[in-house]
Amino acid sequence: MNITPGSLTPGRATAPSEFDVRRFGALGDGLMLDTDAINRAVAAAQFAGGGTVVFPAGDYLSHSIRLQSWITLELRAGATLIAADPPPADEAVGFDGKSEPGYDAPEPGPPNLHQDFGHSRFHNSLIWGENLEGVTIRGPGRIYGRGLSRGNGRVALPVGMVAPQPPGHLPDVLEADGIIEPLRDVPPAGPFGYPHPLDTLAAGVGNKTIALRGCRQVLVRDLTILHGGHFAILAAACDNVVIDGVFVDTNRDGIDIDACSNVRISNCSVNSPWDDGICVKSSCGFGGLRPVENVTISNCFVSGFEEGTLYDGTRSRIVRHRGGPIGRIKIGTEASGGFRNIAITNCVFDFCRGLALEQVDGADMEDIVISNVVMRHVMNAPIFIRLAARLRAPGAKVPGSGRRISISNVVAYDVAPDHGIFIAGLPGHPVTDVRLSGVQLHSRGGGTAADATRVVPEMPADYPEPMLFGPLPAWGLHVRHAARVQLQDIALRLLAPDARPSVVLEDVTGLRSRDCDGVADVS
């Protein structure tokens, strides 16, 4: 189709290409709400057939900004878009989608039983767009999600403040896609805990910085996002997405790509101590089922430093909750549509959890290539591949597949003692055709003789997080329920003594190994 921006709009050639939000009434003083002025500028650009909505230097306080097709939001040097606080609870009104105090209401829709509220509603965001084409959001300015919720509350705690953590226990706030349940006596609803009465937020409350559903030709570039709420960037069922040169230092998920196709994430830095850094998902939160496919993630950095300390350069390293900071690159856990054709290369992990590939919802996870990855101060399994049977998807009855996965040229230094590389299918449902080559793992050591004899539970329907399995009986590599596994040029090293063997294999067929060092248990 030969359609270009503005080709269907009379007078496009003479329309202005830039729309300064100050011309439409924005003050940029960080005190008065600029929401209406910003949306007037967006509407004017749309009426002209497209254009760039410009934020000059200043602090722009806003609730929901409604994107339109062929619109660029440009935050220029010195500009900060600030998510305003929601109104008091007694001012919010209903879910009718009409104009109301605070952020736009979550759009009407049937109750979603298969993932949390944050995944399945998009309008309750600082910037949102639905079924659009030609959307660009670019810097070099900043977005500060000061007034956004991270779930289970109207506004997140300020940067640097953390809810009390009971000693030796789980946190008392909802974390990491439901791994950690709130320590409050409120029963969950539904077979998978959704919709959860603590998970749903009222109208007027915003919980995402940028939320896009069903959009095409999306570009997010050269932008800084701080304190981004439940998601700094959430794109669901979108096609042809480029996220490049984005810096995120946030209090939950960084960049989430859900059921999208043809996605390029490159040159990004994401610090997210309380949740995933870059996460590829295939949930049905957008209202259907489709695989995520044709994705590349390259030249990215992920970490779990204290929030705000990657941005200010201090890189504070504090472990505040069980399992340590998160901040990783992950495929899953929401996996109902499946994953295929994904390449991850030239990425660096520091002070966070390792790479995770998880298919637990009955679909396929196949044709994945990962190369040139460096990890340091790894909180748990540097490589975790899991095929299981949570089956949190419409109609899912049996486990899916995990196959044709190639991981090469990985160095993981100072790996926490509980987990080395962990590859696990289920009895009768093996992970197949996995190739590891050029991998160096340097474990912190410290495992006990009791750990070496421990029987690791299968946990087929549980949340697939390495820490939930407890210490593994091998410090370097534990593979079970797998077929046609190739190991080449694998080096396993200890930084301190460990009473466990380097490798344990259970129910593994068709194993091939070559040029492995410190892998004496493999034959």
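**Close-up 1. Arg-444 and its partner Asp-414.** In this predicted model, Arg-444 counts as partly exposed, at 34% relative accessibility. Its salt-bridge partner is Asp-414, with the closest N and O atoms 2.8 Å apart. Asp-414 is buried, since its relative accessible area of 15% falls under the 20% cut-off. Asp-414 sits in strand E28 (residues 401–415) and Arg-444 in the loop between strand E30 (431–443) and helix H3 (449–452), so the pair ties together parts 30 residues apart in sequence.

**Close-up 2. Glu-306 meets Arg-320.** Here's another salt bridge, with the closest N and O atoms 2.8 Å apart. Both residues lie in the loop between strand E22 (301–303) and strand E23 (329–331), so the bridge ties together parts 14 residues apart in sequence. Glu-306 is buried at 11% relative accessible area, while Arg-320, at 31%, is partly exposed.

**Close-up 3. A buried pair, Asp-275 and Arg-252.** These two side chains form a salt bridge (3.0 Å, N to O). Asp-275 is in the loop between strands E19 (269–271) and E20 (278–281), and Arg-252 is in the loop between E16 (247–249) and E17 (253–258), 23 residues apart. Both are buried.

**Close-up 4. A nonpolar surface patch.** Leu-27, Leu-31 and Met-32 make a patch of about 340 Å². Met-32 belongs to strand E2 (residues 29–33).

Close-up 5. Mean pLDDT is 90 for the protein, but it is below 50 over residues 94–99 and over residues 168–186.

Definitions and conventions:
Residues are numbered from 1 along each chain as its sequence is written. This is a predicted model: local features need pLDDT of at least 70, side-chain atom pairs count only at pLDDT 80 or more; totals for chains, interfaces and linings use all residues. Side-chain values use heavy atoms; hydrogens and water are left out. pLDDT is the predictor's confidence in each residue, from 0 to 100. Contact means heavy atoms within 4.5 Å. Patches are made of residues with over 30% relative accessible area and no salt bridge: like charges are joined within 9 Å, nonpolar side chains (Val, Leu, Ile, Met, Phe, Trp, Tyr) within 5 Å. Accessible areas come from the Shrake-Rupley method with a 1.4 Å probe; for residues, only the protein chains shown count as cover. A salt bridge is a side-chain nitrogen of Lys or Arg within 4 Å of a carboxyl oxygen of Asp or Glu. Helices (H or I, at least four residues) and strands (E, at least two) are DSSP runs, numbered from the N terminus. Buried means under 20% relative accessible area, exposed over 50%, partly exposed in between (1.4 Å probe, protein chains only).
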